[in-house]
Amino acid sequence: MPSIQKRGGSYRVTISCGYDANRKQIRKTKTYRPVPGMTPRQIEKEVNRFAIVFEASVKNGEYLDAGRIRLCDFCPQYMEIVSKVLSPVTCSAYERVIQQYILPILGHFRLTEIRPFHIQMFVQQLQTAGNAHGRQVDSLSASSVRRYFVVLQSILGRALKLGMIASNPADSERIELPFADNAQTDIFTKEEAEQMLQCLEKEPSQNQLLVHLAILTGCRRGELLALTWDDIDYDTGIITVSKSNYQMPGGEVRTKTPKTRGSIRQVAVPEYCLEMLRAYQEKQPELLTGENKGKWIFTRADGSPMPPQRATRWFSDFLFRNHLRHRKFHSLRHTSATLLLLNGTDIKTVSARLGHTQLSTTNRYVHALSEADLNAAKLLGRLFAGGDEAEEPPK
């Protein structure tokens, strides 16, 4: 709410813009001077209109004196903006990076003072343990440095969009980043998947269904746990994936819709999976003790949605008990994509099933195509070199 103070023949309007990194309140002021000859009632009406317009311009980032604003003053405004589109978990991670790494090194700079040189020094300082303006900063891995750089790049990118700086000094083309090996996509081979599914038969129905759906749909963990019974169309064999569950630090499970339209999709599943779903839907009410029955597919005992961490812990324990090599639950998604590609599904279809908005994201599974191509070359070599045509191709 704007504060209006009369000062002689003018009025000073003050807008609160939150707090900076030192918890000091940020204020913006602007002076309104009435036109001579206006009546007191006209002045009152006009100054209130002036205050409303001024407040709107401040909130929209149109009245920010970027020449004086430091990075530590802008970060709270940045977080307020991105909190509308990012999940609370992601916002919490961004806030940690800002407070622990970005502000100790660059927070004292004015936005207009930051140059690519300063960004490069930031990157190098993250790679070397030392003291940054009174705060000890530990050295980080190359992948962590890249992740934290992306947060800084996003902050300055937002400042650019708001017209506060002329260019983004954290442009990737200007900065030399440490090389990080692409993490190898860990999957279950066809044989390992078959062994895992055999062991799964001894598990509760809900857990069996969770793993089968993970492999068949390629859905993310949060997407699977957000599935409700009305997402299943038994007539068409289509599952609608339109939301995702995540867990707050205190344990509360919340639901969100995806940021990108491509993540909302429909995925077909085979008939045997539909039979599993039908059987479990009939059985589920008998297994639940609470009043939250009939909505979520994967639940706690009281019918409330299963926390993502519980699914992860169960899967890790399941692999251990059955002497299977440990992999993350997310590996089931990678396995789904890889098996589809190995069996001839085109990459565009795989990308759509996974909910990727760009084919380049799906290219991480190109190693599957390379393996298939190598097997094809070996088969042709045997055929044209006088080998046994009936011999099975290598697996």
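Are Trp314 and Phe315 buried or exposed? Both are buried, meaning under 20% relative accessible area, against over 50% for exposed and in between for partly exposed (1.4 Å probe, protein chains only). The model is predicted: local features need pLDDT of at least 70, side-chain atom pairs count only at pLDDT 80 or more, and totals for chains, interfaces and linings use all residues. Residues are numbered from 1 along each chain as its sequence is written, and side-chain values use heavy atoms, with hydrogens and water left out.

**View 1. The whole protein.** The protein has 14 helices and 10 strands. These are DSSP runs, numbered from the N terminus: helices are H or I with at least four residues, strands are E with at least two. Buried residues make up 42% of the 395 residues. The accessible surface comes to about 22300 Å², and 50% of this belongs to carbon and sulfur atoms. Such areas come from the Shrake-Rupley method with a 1.4 Å probe; for residues, only the protein chains shown count as cover. Among contacts with a separation of 6 or more, 58% join residues 24 or more positions apart. Contact means heavy atoms within 4.5 Å.

**View 2. An aromatic cluster.** Phe188, Trp314, Phe315, Phe318 and Phe329 form one aromatic cluster. Rings of Phe, Tyr and Trp (its six-membered ring) pair if their centres lie within 6.5 Å; planes under 30 degrees apart count as stacked, over 60 as edge-to-face and the rest as tilted. The count by this rule is 9 aromatic pairs. The rings of Trp314 and Phe315 have centres 6.2 Å apart and planes at 50°, so this pair is tilted. For Phe315 and Phe318, the centres are 6.3 Å apart and the planes are at 35°, so that pair is tilted.

**View 3. Phe315 and Phe318 in helix H10.** Both residues lie in helix H10 (residues 308–321). They are 3 residues apart, about one turn of the helix. Phe315 is buried, with a relative accessible area of 1%. Phe318 is buried too, at 0%.

**View 4. A charge over Phe188.** The charged end of Arg327 sits over the ring of Phe188, 4.5 Å from its centre. The rule asks for NZ of Lys or CZ of Arg within 6 Å of the ring centre and within 35 degrees of the ring normal.

**View 5. Helices H3 and H5.** Helix H3 (residues 88–106) packs against helix H5 (residues 142–161) at about 80°, with axes 10 Å apart. That makes H3 roughly perpendicular to H5. On the H3 side, the contact residues include Tyr94, Val97 and Tyr101. On the H5 side they include Tyr148 and Leu152. Axes are lines fitted to C-alpha atoms, for helices over the stretch in contact, and angles run from 0 to 180 degrees between N-to-C directions. Angles under 35 degrees count as roughly parallel, over 145 as roughly antiparallel, 65 to 115 as roughly perpendicular and the rest as oblique.

**View 6. Pro88 in helix H3.** Pro88 lies in helix H3. Pro88 is partly exposed, with a relative accessible area of 30%. Pro88 touches Tyr246, Met248 and Arg254, not counting residues up to four places away in sequence. Pro249 is 161 residues away along the chain, yet the two C-alpha atoms are separated by 9.5 Å.

**View 7. Thr240 in strand E7.** Thr240 lies in strand E7 (residues 238–241). Thr240 is partly exposed, at 25% relative accessible area. Arg265 is 25 residues from Thr240 in sequence and 6.0 Å away in space, C-alpha to C-alpha.
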